[in-house]
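Student: I have not seen this structure before. Could we go through it by question and answer?

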Amino acid sequence: MRHPRMAHAGVMLFSAAVLIAMALPRMAATAPQPLLDAPRASPTGMGPRAVALGDFDEDGRLDVITANHTAGTVSVLRSLGDGTFAPGMERPTGALPGAVAVGDFDGDGHLDAVTSHFGGTVSVLLGRGDGTFGARTDHSVGAEPSAVDVGDLDGDGRLDVVTANSLDDSVSVLLNRGSGRFVHQKDVNAGTNPFAVKVADVNHDGMADLVTANFVDTVSVLLGNGDGTFRPRMDFATGNAPYSVAVVDVDDDGKLDVVTANFRGQSVSVLRGTGAGTFPVRVDFAVKGGPYFVAAGDFNGDGMPDLITANFNEDTVSLLPGQGHGSFGAPTRLATGEGPAALAVGLLDGDLKPDVVTANTRSHDVSVLRAAASADVEVTLTAVPRPGVSVPRIDYTLTVTQHGPDPLNRAVITVALPPGLQASTRDCLMAAGTLQCEVGPMAVGDTALLRFSAPLPRSSVGLSYRITATRTLSVPEDPHSANDAASQDYVSLGGLAATWW
């Protein structure tokens, strides 16, 4: 049916006689959660349906460009360097633009843009390097092109243009002949209702291939011949009504995989690549709200790609944390403007963490969701028994390490003591059977040492104890919980202090 437009406990034995004791910390193995700040809105032209990032004014910062479907324009929002943008400047395109892509088409070192329009054309806008464009040129393509992408399809070093034509089940290839001039090649068959297209080398032969997301539940893979032509398509099943496609190595095996946002299926489909251009294994992950667009980025800094979707019906994005091997955790939903139809991921504010921009069709703006500041506070606990006939004790060292990526303002570590056991310290506060230990501010890489002692009463002989230190507060937030806690277990031997296990 065609769619209308639109980590575990360590164990050691310790003897009080040697006066040396160290125990492995106990760590909870909870995956880190992605973090993005609340959205900030910036107005665009009417009905933005697509968004891309690029440095159009050549100041070293990424700007935003949107394709405004209702207005028949693109808006360029120039970056102010802090994740905010100057008011947008509009430039006419063909009627009803639904997609936008960027690249240097004429080889002059300035970034250009191309938009696709439901009337069956694309507009090429050559950039001047100051955030403005010269006169546009229009080129005919297939019927109702819903998406556009760029890449060197014929190996001549120039960026070519490809569109996904949803009404005639094809892709159109426009080969770049230099100076921003394009020649329309013969259209190539795709699956039914191709609503998205990506250029990528999925079989690793050095030649550009095409992947389309087809609204009738497939992706089509068209392997390139290196001259702007393509072999007959191979189709692979997805969830229901894929509206967007991303090509990314989700399982870190060096082979590109395919991810689709399935609008009606309320899911994303992950199709694992073999490296030969085939994708035989598929897993779906639930996403509510009508996922319209999908992209990838490492939002929680764990080195694994996460997924983010723009959910058109619900006015949200969903973040799915990568868990390795192509698996993803439950999504976290964050608000956007109204009707997010597309999104782009990039470094917008200089903190080297990916930020997100959504194009919001109904509220006529973009939402900028910056990567939130975060810290990774590691807690370890070591101990040395001090035997004695009168007052044996255990001396503890609580080590707090700040791994970043942002500076730590403040952290609180709570040390839980066994019932009846007291502690003395100059570094922490004692209250109701716990120690409250505070550190900060700390730069990335800093370590703080806090010390306390626990006397062992003679009546404790033979009793087992556990002392646990847990990070209970972090400013900024610490999404990495795996190293937040450490414990020591021991049996009291009275004057001989203790035995650990």
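Student: Is Cys437 buried or exposed?
Tutor: The model is a predicted one. A residue counts as buried when its relative accessible area is under 20%. For Cys437 that area is 1%, so Cys437 is buried.

Student: Which residue forms a disulfide with Cys437?
Tutor: Two cysteine sulfur atoms must lie within 2.5 Å to count as a disulfide. The sulfur of Cys437 is 2.0 Å from that of its partner, which is Cys428.

Student: Is Cys428 buried or exposed?
Tutor: The cut-off for buried is again under 20%. Cys428 has a relative accessibility of 9%, so Cys428 is buried.

Student: Which domains contribute at least three residues each to the lining of the second largest pocket?
Tutor: This pocket holds about 160 Å³ of space. Its lining has 15 residues, with Phe299, Asn300, Gly301, Lys353 and Ser374 closest to the centre. The domains that each supply at least three lining residues are domain 1 (40-369) and domain 2 (377-499).

Student: Over which residues does pLDDT stay under 50?
Tutor: The protein has an average pLDDT of 89, and 89% of the residues score at least 70. Where pLDDT is low, predicted coordinates should not be read in detail. The stretch under 50 is residues 1-32.

Note on methods. Residues numbered from 1 in each chain as written. Predicted model: local features only at pLDDT ≥ 70, side-chain atom pairs only at ≥ 80, totals over all residues. Heavy atoms only, no water. Buried < 20%, exposed > 50% of the residue type's maximum accessible area, 1.4 Å probe, protein only. 1 Å grid on protein atoms, 1.4 Å probe; cavity = no way out; pocket = protein on both sides within 12 Å on 5 of 7 lines; lining within 4 Å. Points joined across faces, edges and corners; volume = space filled by probe spheres on them. Domains from an automatic or database assignment. pLDDT = per-residue confidence, 0-100. Contact = heavy atoms within 4.5 Å.
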